[in-house]
Structure formats: structure tokens, C-alpha cells
Amino acid sequence: MTPDLSLQLAPRRERNLPLANPVMTASGTFGYGTEQHLFDIQRLGAIVCKGTTLSPREGNPHPRLAETPCGMLNSIGLQNIGVEALIRDKAPVWAAWRVPVIVNIAGDTVDDYARLAARLDSIPGVSGLEVNISCPNVKAGGSEFGADPAAAAQVTAAVRAATSLPVLVKLTPNVADIVSVAAAVAGAGADALTLINTLRGMAIDVVRRRPVLGAVTGGLSGPAVKPVALAMVYQVAGAVDIPIIGCGGISSGRDAIEFIMAGASAVQVGCAGFANPRAPLDVLEGIEQFIAEKGIASIRELVGAAKG
Ligand code: SIN
């Protein structure tokens with residue numbers, strides 16, 4: 001018997017989002033999927049592309065990356081090609097793919113998010129939106145919205161009203177109470193939640209006596225954040241009844257199974273791909289091996305299993 005790895009990320013929506021398996025790529029770590037030739041990306045559950053804004057962006061001053069023990073800091077600042085180039089150059093490629101592509105959208109204002117959602121609504125090749133209210137590296141928008149339940153709900157409701165696509169909302173861990181933000185976003189019409197984005201951090205160059213990153217602070221990702229992400233997934237899963245996508249330091253099938261047992265329906269692999277470009281596929285094969293060894297018929301049996 002072949003175990004069933006499939007799931008639904010937007011089970012209540014007419015334009016729903018079926019995934020063949022729970023392994024997705026995390027926004028900003030996998031480009032547009034078109035750059036990747038090291039493994040068959042059609043085997044993945046879904047691809048999430050780089051955060052996309054209405055106009056192209058140059059991003060933050062360099063340096064933008066710093067390695068840390070068990071992870072990395074980034075301060076990219078949402079460098080991206082802009083929504084029109086994405087529609088012209090990337091979406092037609094995605095339209096021929098089996099793997100669904102979800103566009104991560106970011107804006108400075110609520111209206112920016114709504115305009116992006118409306119523009120992408122009927123573009124072939126776009127299977128869903130991930131609303132980025134959690135980027136710690138921009139002055140306007142980003143985690144400014146994600147830090148406040150009312151503002152997070154306002155962005156979500158505006159996107160929901162502008163599109164019939166499945167809407168995922170990516171949350172920031174840089175808050176006192178992620179559960180209240182998650183509940184507000186779920187109440188405003190999100191189909192699923194992605195958590196977590198990066199934790200704000202910094203590094204100092206002691207020779208130059210200056211911050212390492214051009215933008216001073218950045219977002220921490222990688223194995224160092226996994227326990228934080230796992231705890232937040234567990235907490236939020238107890239409070240909302242929409243699917244959760246776990247993200248944060250996942251580099252193996254076992255890591256992914258931990259997130260699924262904490263309550264995630266799917267997982268995103270991000271930072272691990274910088275050290276091992278095959279990481280998303282390794283995670284998928286690790287999940288397959290785990291459930292085959294344990295004789296589990298469907299991955300859905302494991303969602304929230306650690307809750308007892
Ligand atoms: C960035 O572009 O600065 C990172 C994106 C994010 O954290 O959402």
C-alpha cells in the first residue's frame with residue numbers, strides 16, 4: 001500500500017489548494033522555482049516564490065547575509081522583480097507545471113496588498129497567495145501589520161475581498177502573543193497560516209565596530225529557530241481550525257514530522273536549502289520513509305498527534 005501524503009490547504013474554498021504531499025519551499029529561499037535544476041521540483045507539494053510587491057524593489061544595502069551558529073541572518077529587504085514581470089515572465093512557466101505555485105505578496109499599505117491580490121486573481125499558473133505581514137527587514141508594511149491583531153485582520157480581509165484564490169497568511173514570531181494574531185487572521189478569512197517567519201536578530205563585526213548587516217538587523221532562520229517555531233505551531237494549532245504550515249529550521253523528514261505532530265498540515269523548507277539544495281526533496285523522502293516504516297496509511301493521521 002502506498003501511503004497517502006495528500007492534503008488540502010484551503011478545504012472550504014471552491015478554488016481549493018490540493019497538495020500531493022506536505023513539503024513546500026519557503027518564500028525567498030527558492031527564487032521562482034525556475035532557477036532550480038538539481039532535482040525534479042514537480043515532486044514537491046508546492047512552491048512559494050519570493051515576496052512580490054507592486055513595483056520592483058532593489059532591496060536593502062549590502063551585506064545582507066550573515067552566518068550564525070546553527071542558522072543565518074538575512075536582511076534582503078524584499079528585493080524582487082515586481083508583480084508585472086512575475087506575471088509576464090514567471091507565471092506562464094508555472095502554468096505548465098504540475099506543482100502548484102503560491103505567490104508571496106508584500107506591500108507598504110493595506111491597499112497595496114489588495115491590489116496585488118486582485119491583479120493575481122486570474123493569472124494562469126498562480127494557485128494561491130501567501131500574504132507576507134511578517135518581513136522584519138522593511139521600514140513600511142511587513143511585520144508592522146503582523147504585530148497587531150487588528151492590522152493583521154485588516155490586511156487579510158482586504159486580500160480576501162480582492163481574490164477568490166486560496167489565501168495563506170505568513171505570521172511573524174516577533175510578537176508577544178502569536179495566538180491572538182493567528183485567531184484574528186483566521187477570523188478575517190484566511191484559508192491557512194504559515195508560521196513562522198524569521199526572528200529579528202543582529203551580528204556585530206568587532207574589528208570594524210559596526211553591525212555586520214547593512215540594514216543593522218535582519219531575520220534569523222535555520223535550526224536555531226526550530227524549537228521556537230515548533231512551540232508556536234503547537235500553540236496556534238490549539239486555537240484555530242484552519243490548516244497550519246510549519247516553517248523554521250526544517251532540514252529532515254524527522255523535523256517535518258515533529259511539526260506535523262505539533263499540528264501543522266504541511267511544512268516549508270527554507271534555510272536548509274542554502275547548505276543542501278536537495279533539502280526539500282530530502283525532507284519529502286524522510287517523511288515517506290517514516291510513514292512507511294511505521295505503517296501509517298495517511299499523513300493526515302499524524303496532524304496534531306502530539307496533542308494527545
Ligand atoms: C526579505 O526580503 O528581507 C526577507 C523576506 C521576509 O522575511 O519575509
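The model is predicted: local features need pLDDT of at least 70, side-chain atom pairs count only at pLDDT 80 or more, and totals for chains, interfaces and linings use all residues. Residues are numbered from 1 along each chain as its sequence is written, and side-chain values use heavy atoms, with hydrogens and water left out.

**View 1. The shell around the ligand.** Ala, Val, Leu, Ile, Met, Phe, Trp, Tyr, Cys and Pro count as nonpolar; Asp, Glu, Lys and Arg as charged; the others, Gly among them, as polar.

View 2. A polar side-chain atom of K50 is 2.7 Å from a ligand oxygen atom. For N132, a side-chain N or O atom lies 2.8 Å from an oxygen atom of the ligand. For N197, the distance from a polar side-chain atom to a ligand oxygen atom is 3.0 Å. The protein covers 92% of the 260 Å² of accessible area that the ligand has on its own (Shrake-Rupley method, 1.4 Å probe; for residues, only the protein chains shown count as cover).

**View 3. The largest pocket.** The ligand takes up the space of the largest pocket (more than half of its atoms lie within 2 Å of the grid points). A pocket is an open set of points on a 1 Å grid over the protein atoms alone, where a 1.4 Å probe fits, with protein on both sides within 12 Å along at least five of seven lines; lining residues have an atom within 4 Å of a point. Its volume is about 670 Å³, the space filled by probe spheres set on points joined across faces, edges and corners. Of 42 lining residues, T29, N74, T198, S221 and F274 are the closest to the centre. The lining has 19 nonpolar, 20 polar and three charged residues.

**View 4. The second largest pocket.** This pocket has a volume of about 180 Å³. Its lining includes T29, F30, E35, V269 and F274. Five lining residues are nonpolar, five polar and one charged.

**View 5. Backbone exceptions.** Most residues other than glycine have a negative phi, and most peptide bonds are trans. The H62 to P63 peptide bond is cis, with omega near -10°. Another cis peptide bond joins L195 and I196, with omega about 15°. L78 is not a glycine, yet has a positive phi of about 60°.

Definitions and conventions: Polar contact = N/O pair within 3.5 Å; in protein donor to acceptor, adjacent residues only side chain to side chain.
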